Amino acid sequence: MSREDLIEWVQSRGRDLGYVIVIKRSRNKSPTVIFQCDRGGTYVPKKISSKNTGTRKIDCPFQLEGKYIRVDGCWRVRVICGVHNHDPALHLEGHPYARRLSGNEVELVENLSAMHVKPRDILTSVKMQNPDNVSITKTIYNARQKFRMMDNAGKTQMQVVMSFLHNNGYVHESRTNNATDELEDLFFVHPKSMEKWRAFTHVLLIDATYKTNRYSMPLVEMVGVTSTNMTFCIAFALHEGEGEGERYAKCHVGRSYTNHFDERHRVPICLIGCIYQQDMCKCTPLLHRFRMNEE
C-alpha cells in the first residue's frame, strides 16, 4: 500500500461516516502522516478586523497517525483521539476540502472549458462521471480561473487582452502614446457582430458611458437595430476622454464600414446627425444616430 492509498482509504472511511479528514502534517524521513478532522484547530485571522466573521474551525480533537513499517512493508494506523466534538455532516457540499476535484475531473473541466461549455453543464458532466462528487458551481468557476491564470502567466493585462482579440478573430485597432507607450484607444468588433451588421446596416446607435473604468477610460458602445426593432451589439471602444472617445469610435466605425462592406451593403444609415471625421482619419462621411434624451 502506498502513501496515496493510505490517504484515500482514511478519507473515504471518513466520508462514509459524514466527516472530512485532512492531513495535519507529514514526515518523509520516517514516513508518517498525521490526520485530523477538517474542523480541527482554531482559526487565526491574518489581520485584525472589526467585522463579525464565522469559521468552520471548532478545535475538533479527532486525530489519526499513519506510520510506515519498513519491516512489514505496510502502513499502520493508530488512533490518537477517536472522538469528534460535533455531529456528522448530512451533506458534504459545505466542506471545501470535500469539494476538491480529482486529477481526472480537473482534466475534464479543462477540456470542456476549452470548448466553451457553460460551468453548470461542466458540473453536470463531472457528476455524471463521478456520482460521489460533491462539487458546486463555484468549484468549477475557481478551476476555470486557475486555468486562466496559468495561461496568462508572464503576460501583462494588455497583452492578455490583445492576444484574446487576435486569437478569436476580432476586428480591432489600438493606439498608444508615443512617449509613455501607454494605451490611449482601443476599438474591437466581434466577427459575428460584423455579420449581423452586414444584414442590418440601416441604423447605428453610438453612446458613451459616464462611468469609467479603473484607468478613467469611458466605454463607447455601438448598437445596431434589426428589422424587428431588436438591438444587437456591434462594437466597443475605450478612450481617455468621453468626448474624444465618441469621435474615435465613430472614426473607426466609419473605417470598418468602408473596409468590411462592399458597395451593395453600403446603404445609408438613418440620418439624425452627420459626422465628418476628416480631422482624425480619412474615411467616408458617417451618418450617425444619437440616443434621444428622455424629454
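Guide: Strands are DSSP runs of E with at least two residues, numbered from the N terminus. K24 lies in strand β1. The model is predicted: local features need pLDDT of at least 70, side-chain atom pairs count only at pLDDT 80 or more, and totals for chains, interfaces and linings use all residues. Residues are numbered from 1 along each chain as its sequence is written, and side-chain values use heavy atoms, without hydrogens and water.

Visitor: Is K24 buried or exposed, or partly exposed?

Guide: K24 is partly exposed, at 39% relative accessible area; buried means under 20%, exposed over 50%, and partly exposed in between (1.4 Å probe, protein chains only).

Visitor: How many salt bridges does a search of the whole structure find?

Guide: Four, a salt bridge being a side-chain nitrogen of Lys or Arg within 4 Å of a carboxyl oxygen of Asp or Glu.

Visitor: Which residue forms a salt bridge with D185?

Guide: R175 does, with the closest N and O atoms 2.4 Å apart. The two sit 10 residues apart and link distant parts of the chain, D185 in strand β6 (residues 183-189) and R175 in strand β5 (residues 171-176). D185 is buried at 0% relative accessibility, whereas R175 is partly exposed at 36%.

Visitor: And what does E65 meet in a salt bridge?

Guide: The side chain of R78, at 3.0 Å from N to O. This pair also joins distant parts of the chain: E65 belongs to strand β3 (residues 63-69) and R78 to strand β4 (residues 74-81). E65 is buried, with 14% relative accessibility, while R78 is partly exposed at 42%.

How values were computed. Helix = DSSP H or I, 4+ residues; strand = E, 2+ residues; numbered from the N terminus.
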